[in-house]
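Let's walk through this one together, starting with the overall layout and then moving on to a pocket and a few side chains. Have your viewer open as you read.

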Amino acid sequence: MAKTVRLSSKRQIAIPRKVCDHLGIRIGQELTLLEAHGRLVLMPKPRSYADALEGLGEDLWKGIDPLAYIRQERASWQKHPSPPR
């Protein structure tokens, strides 16, 4: 959903009601503003960052036994030791 807004002389913008309703943003709610690669990203601030990040990357581990993976990694360290410092 693309909308155009105007920056006021106080550097403020108004977020259209349809956008707020669609995203569930309420009056008084804190938002997070990020600058990335010359773009602005505005998103609702999560109540808990831990809850917001829960399960992130979960799909990367599907079908992989974590203990077997760790054993395999440790075994590779013994085959290819680090150079002395």
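This is a predicted model: local features need pLDDT of at least 70, side-chain atom pairs count only at pLDDT 80 or more; totals for chains, interfaces and linings use all residues.

Residues are numbered from 1 along each chain as its sequence is written, and side-chain values use heavy atoms, with hydrogens and water left out.

Now the overall dimensions. The protein chain has a radius of gyration of 23 Å, whereas a compact globule of 85 residues would be near 12 Å (taken over C-alpha atoms; the globule rule is 2.2 Å times the number of residues to the power 0.38). Along the principal axes, the C-alpha atoms fill a box of roughly 65 × 30 × 25 Å. Of the 85 residues, 5% count as buried (under 20% relative accessible area, with exposed over 50% and partly exposed in between, using a 1.4 Å probe on protein chains only). Among contacts between residues at least 6 apart in sequence, 3% join residues at least 24 apart, where contact means heavy atoms within 4.5 Å.

Next, the largest pocket, which holds about 530 Å³ of space. Of its 18 lining residues, the closest to the centre are Val5, Ile13, Ile15, Leu40 and Leu42. Both α1 (17-23) and β2 (39-44) give two or more residues to the lining, and α1 has the largest share, with 3 residues. For the method, a pocket is an open set of points on a 1 Å grid over the protein atoms alone, where a 1.4 Å probe fits and protein lies on both sides within 12 Å along at least five of seven lines; lining residues have an atom within 4 Å of a point. The volume is the space filled by probe spheres set on the points, which are joined across faces, edges and corners.

Finally, the rings. There is 1 aromatic pair: Trp61 and Tyr69 have ring centres 5.3 Å apart and planes at 85 degrees, so they sit edge-to-face (centres within 6.5 Å, using the six-membered ring of Trp; planes over 60 degrees apart are edge-to-face, under 30 stacked, the rest tilted). Trp61 is partly exposed at 43% relative accessibility, and Tyr69 is partly exposed at 36%.

Terms used. Helices (H or I, at least four residues) and strands (E, at least two) are DSSP runs, numbered from the N terminus.
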